[in-house]
Amino acid sequence: MTDGPALPSAAGLPASSAPAPGIFARQVRRTFGSVLAVADVSFVAPAGAVTALIGPNGSGKTTLLLMLAGLLRPDAGQINVAGFDMASHGYEARIRTGWMPDTLGTWDALSCAEIVTCYGQAYGMGKAFAAERARFMLERVYLAEYANAPARVLSRGQKQRLGLARALVHDPQVVLLDEPASGLDPRSRIELRDLLRALAEAGKTVLVSSHVLSELEEIADHSVFLQRGQSVDIRAIQRNITQRGWRLEALDPAALQAFLNAKNVPWRPGSAATTEVVVNLPNQESALALLKDAIAAGVPLHTIAPVSGRLEETYLSLDGERQ
Amino acid sequence: MNTWSISLSGISTVLSLELKQRIRSKKTFIALGVWFVFMGGITWLISQFFDVERSISGGEPQLSRWLFAMITMFVMGMCLLVAPVFSASSIVSDREHGVLATLQATKLSAVEIAAGKLISSWLVSLAFVVATIPYIAYAVWLGGVTLWQVCVVTMVVFVEVALICTIGLGWSAIASRAIISTVFTYLSVAFMTIITLIIFAAATAMTQTYEQVSDWRLPDSVARRYTAELNTWFAEQHSDNAAPPAPPLNECVWVQRDYAYNVTHTEYTWWLLLLDPFVIVADATPTSSFRYDGMALADDPLTVIKLAVRSTRIGESAGEDRCGTAQWYGDYYVQPRADGTFAIQRYGPHGSESPSISEATIIPESPFGGYNIDDPVWPWGMASNLLIAAVFFRLAVKRLAVPYGVLPTGQRVA
């Protein structure tokens with residue numbers, strides 16, 4: 001976001017080049033009545049990086065983002081956003097934050113450009129500047145051609161992109177995105193990924209919650225796992241992941257199966273559409289050893305790859321109690 | 001936090017956002033068109049009660065006064081019904097559509113969001129008031145209604161519509177669904193207009209006591225003596241600047257009536273009528289009642305309501321202030337004048353004679369503590385309405401303030 005119309009310093013927002021602290025949360029807790037939504041969350045999301053917020057449904061991701069956006073007061077704990085303590089300087093933190101909710105509502109009667117302009121004005125920009133900024137943001141999310149179309153004609157994916165333009169209109173220091181990839185087609189996901197990387201490179205703090213783990217793996221520098229309202233120590237989890245699934249595929253499936261049986265390696269059939277098999281191996285060294293043995297034994301092996309990404313492994317190893 | 005910080009640009013951002021949505025909705029304009037035709041029909045119906053031609057040529061102001069009063073009541077009543085439509089859904093429907101939280105997350109303060117929404121629903125409701133101007137102008141054109149009256153009525157209606165909009169805004173901040181806040185806003189309107197009237201009637205019925213009322217007046221003997229003095233004076237010949245005697249008001253006393261009856265103590269319950277917007281508009285309008293035999297009378301609906309409410313405040317048990325008002329002494333009708341003199345008019349066998357002005361007298365201060373029929377009640381009503389509006393507006397702001405602490409059941413942040 002370093003290009004485009006520069007924000008006036010009168011808007012009370014730091015210049016986009018200013019070094020910015022990210023997000024810091026310690027022992028954050030929030031209940032709704034008797035329901036404990038966020039029990040004990042501590043994490044750090046540094047500036048200039050994309051941090052992924054991962055967890056099953058009901059693990060407290062949305063509630064946590066609401067607290068970070070300044071809309072919900074934590075019952076206990078400390079939150080620091082863009083260098084401001086939420087408890088004492090919530091307003092300063094709030095106006096430096098761009099928040100995109102998981103379900104974005106729009107005003108049906110207004111055009112896309114008007115909606116984004118309106119949010120620019122809500123952040124204190126003058127009308128002309130907000131309109132210019134809106135035009136730039138819509139171009140940035142590839143919605144320029146819909147600028148004068150009412151928001152109701154947009155598809156779900158386009159609405160997500162409109163929501164993104166809206167959340168970024170004031171060039172926030174901290175960007176909080178709740179499921180931004182949902183409803184996006186593959187091309188849009190790649191564009192989103194590029195946009196988030198560009199934001200991080202511009203020094204912003206980007207926190208993304210998502211279920212599309214393969215996407216997150218590519219863009220996230222850090223990950224925060226939530227499980228039943230608690231942040232999970234990832235290193236502990238990754239230590240516990242003793243075995244990963246590996247996908248093997250050979251030109252002669254029968255030879256591969258015979259080889260594995262001979263080596264006494266347990267295997268199971270992989271995807272039904274292929275002849276691949278899946279084996280569990282403790283680490284990369286054992287994968288390399290198996291590969292060498294297979295080549296030596298003359299098995300026409302052409303593919304060996306981990307079944308899933310590391311995030312997915314971690315995710316699945318959470319004793320995922322979906323609520 | 002910045003809950004109460006307020007800036008013009010913040011309010012205008014919310015206001016223009018709200019107005020754009022209203023203006024682009026065809027429904028608003030269709031409703032406005034229907035309303036215009038409907039009010040035209042009402043005006044036409046009222047004018048059928050009277051002979052318009054004669055009214056204009058004969059200079060009879062009664063038609064226009066009736067027309068004006070009826071239009072005022074109708075505009076008021078319909079605005080009370082229209083205002084909730086635009087205000088009662090404002091916050092809750094934004095919440096339902098998931099756009100409120102993203103606004104709350106911006107620089108806008110809770111009071112700016114509330115004020116922007118209030119002003120927008122107020123302005124849209126006012127469009128309905130403005131649409132009736134041609135018909136009010138018709139009443140003015142017929143004569144008998146002054147522009148000043150039109151201005152006062154319009155101002156009062158503006159304020160009352162703002163009150164209903166604020167109540168609607170307050171309910172829309174509390175309710176979890178638009179339908180609930182709309183119902184509660186209509187119930188509030190019903191409470192202020194009809195239910196307080198029922199409570200007033202019920203409460204007043206309980207205040208009846210059987211008692212003998214006292215009047216502040218000259219004792220019969222003194223009244224007879226004064227009548228005799230007047231008889232003597234009018235029987236003599238006088239020069240042009242001679243003055244008849246003034247009534248001896250320093251001899252006024254409380255005289256108990258010689259009969260007892262069920263007295264209704266409306267002076268204890270009159271304030272229940274204060275909330276009613278119809279009472280406020282009727283009482284605030286500077287219509288002219290006329291006096292007959294010291295009694296205030298009215299010939300148009302606004303003044304009828306005005307006099308009715310003011311008499312409930314005075315109450316029956318206060319008796320009559322016969323020393324402060326015009327009275328009959330034998331054949332003489334004695335009217336107090338502002339300068340301390342009295343206009344004394346004799347009604348002889350050949351009808352009334354031209355009045356003679358009495359000598360000036362110092363009128364002793366009346367112990368008659370009660371209110372006068374000329375004392376307005378609307379400032380109290382307006383004040384109570386503004387207080388209610390303030391309570392509801394504060395409520396709306398409190399419910400819009402972020403970060404949320406305790407969330408009411410059924411309410412989601414986003």
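1. Let me begin with Q345(B), which is buried at a relative accessible area of 17% (buried means under 20%, exposed over 50%, partly exposed in between, with a 1.4 Å probe and protein chains only). Q345(B) sits in strand 9 of chain B, residues 342-348; strands here are DSSP runs of E with at least two residues, helices are runs of H or I with at least four, and both are numbered from the N terminus. Beyond its neighbours within four places in sequence, Q345(B) contacts D331(B), Y332(B), Y333(B), S352(B), E353(B) and P355(B), where contact means heavy atoms within 4.5 Å. From Q345(B) to S356(B), 11 residues apart in sequence, the C-alpha distance is 6.4 Å.

2. A word on the basis of all this: the model is predicted, so local features need pLDDT of at least 70, side-chain atom pairs count only at pLDDT 80 or more, and totals for chains, interfaces and linings use all residues. Residues are numbered from 1 along each chain as its sequence is written, chains are lettered from A and ligands numbered from 1 in the order in which they are written, and side-chain values use heavy atoms, leaving out hydrogens and water.

3. Now for chain A as a whole. Chain A contains 11 helices and 14 strands, and 51% of its 323 residues are buried. Of the chain A contacts between residues at least 6 apart in sequence, 74% link residues at least 24 apart. The accessible surface of chain A is about 14000 Å², with 51% belonging to carbon and sulfur atoms (Shrake-Rupley method, 1.4 Å probe; for residues, only the protein chains shown count as cover).

4. Which residues of strand 8 of chain A point one way, and which the other? T205(A), L207(A) and S209(A) point one way, V206(A) and V208(A) the other, and all are buried. In a regular strand the side chains alternate between the two faces of the sheet. With 5 of its 5 residues buried, strand 8 (residues 205-209) of chain A is largely enclosed by the rest of the structure.

5. Strand 8 of chain A pairs in the parallel sense with strand 3 (residues 49-54) over 5 bridges, and also with strand 7 (residues 174-178) over 5 bridges; pairing requires at least two DSSP bridges between two strands. T205(A) is the bridge partner of A49(A) and of V174(A).

6. Chain A also has an open, antiparallel sheet of 4 strands in the order 12-13-11-14. Strand 12 (267-269) and strand 14 (301-306) of chain A are at the edges with a single partner strand each, so one side of each has no neighbour in the sheet. Neighbouring strands in this sheet are turned by 30 degrees against each other on average, direction ignored. Helix 9 (residues 253-263) of chain A packs on the sheet, touching strands 11, 12, 13 and 14, and its direction makes about 135 degrees with that of strand 11 (axes are lines fitted to C-alpha atoms, for helices over the stretch in contact, with angles from 0 to 180 degrees between N-to-C directions).

7. Strand 12 of chain A is joined to the antiparallel strand 13 (residues 277-281) by 3 bridges, and W267(A) has V279(A) as its bridge partner.

8. Finally, L226(A) lies in strand 9 (residues 222-227) of chain A and is buried, at 0% relative accessibility.
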